[in-house]
Amino acid sequence: MPRGKYVNHKGRNRNFTSPEQLEEEQKRGEEKSGGKLREASSSDDEDEEQEGSEKGSDDESSESEEEAKGASSVIEIQNPNRVQKKAFQKVEEVDEEEKPQLSRKEREQIEKQKAHAAYQKRHAEGKTAQAKADLARLAIIKQHRAEAAARREAEKKAKDDKK
């Protein structure tokens, strides 16, 4: 008997299931499910012929199977916030023109990009506070450079006049 909560499986003999046991388990599984696997494979041709005549009954049977699943058939849920999704939609019901629903993050990212583009456009036009400050700083720098250039020209003239 190992001590502690967990058992170490290293060094133990391996136990393999025999093919006979596997076949028995498969038979039991088919019996419990009602042999659906065998019926589905044998009646494929029959299903194709019946689909044209019984389109409405297929929808009703699939809805009854969905309702019968789990405890939802026993317990009535009165949650107004609960939204039941349809498992499948028909091609005719789907609108091709309908825009895909974006998640919150995607919407925020798109809004952020639009706001940034609008800001860049206003900045290029010189309407933002930062653009005004940049233009004022550039005007001051141009003025200093013009004064420095005028000083240099005056010094050159003064040197030429002395010679």
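Is Val 74 buried or exposed? Val 74 counts as exposed, at 70% relative accessibility. The views below come from a predicted model, in which local features need pLDDT of at least 70, side-chain atom pairs count only at pLDDT 80 or more, and totals for chains, interfaces and linings use all residues. Residues are numbered from 1 along each chain as its sequence is written, and side-chain values use heavy atoms, with hydrogens and water left out.

**View 1. The whole protein.** The protein has six helices and zero strands, in the order α-α-α-α-α-α along the sequence. Helices (H or I, at least four residues) and strands (E, at least two) are DSSP runs, numbered from the N terminus. Of the 163 residues, 3% are buried. Buried means under 20% relative accessible area, exposed means over 50%, and partly exposed lies in between (1.4 Å probe, protein chains only). The protein exposes about 16800 Å², and carbon and sulfur atoms supply 49% of that area. Accessible areas come from the Shrake-Rupley method with a 1.4 Å probe; for residues, only the protein chains shown count as cover.

**View 2. Confidence along the chain.** The average pLDDT of the protein is 77, and 71% of the residues score at least 70; pLDDT is the predictor's confidence in each residue, from 0 to 100. Confidence is lowest in helix 3 (residues 44-51), with a mean of 48, and highest in helix 5, at 94. Over residues 40-58 pLDDT stays under 50, and the model has zero contacts there beyond four places in sequence. A contact means heavy atoms within 4.5 Å. Where pLDDT is low, the predicted coordinates should not be read in detail.

**View 3. The nonpolar patch at Val 74.** Val 74 lies in the loop between helix 4 (55-68) and helix 5. Together, Val 74, Ile 75 and Ile 77 make a nonpolar surface patch of about 320 Å². Patches are made of residues with over 30% relative accessible area and no salt bridge; like charges are joined within 9 Å, and nonpolar side chains (Val, Leu, Ile, Met, Phe, Trp, Tyr) within 5 Å.

View 4. Glu 24 is partly exposed at 43% relative accessibility, and Arg 28 is partly exposed at 46%. In helix 5, Arg 104 and Glu 108 are also four residues apart, about one turn of the helix, and their side chains form a salt bridge (3.2 Å, N to O).

**View 5. The loop at Thr 128.** Thr 128 sits in the loop between helix 5 (104-125) and helix 6 (129-162). With a relative accessible area of 7%, Thr 128 is buried. Its side chain makes a polar contact with the side chain of His 123 (3.2 Å). A polar contact is a pair of N or O atoms within 3.5 Å; within protein, one must be able to donate a hydrogen and the other to accept it, and residues adjacent in sequence count only if both atoms are side-chain atoms. Not counting residues up to four places away in sequence, Thr 128 touches Tyr 119, Arg 122 and His 123. A salt bridge joins the side chains of Lys 127 and Glu 125 (3.3 Å, N to O). Lys 127 is exposed, at 57% relative accessible area, whereas Glu 125 is partly exposed, at 46%.

Definitions and conventions. Salt bridge = Lys/Arg side-chain N within 4 Å of Asp/Glu carboxyl O.
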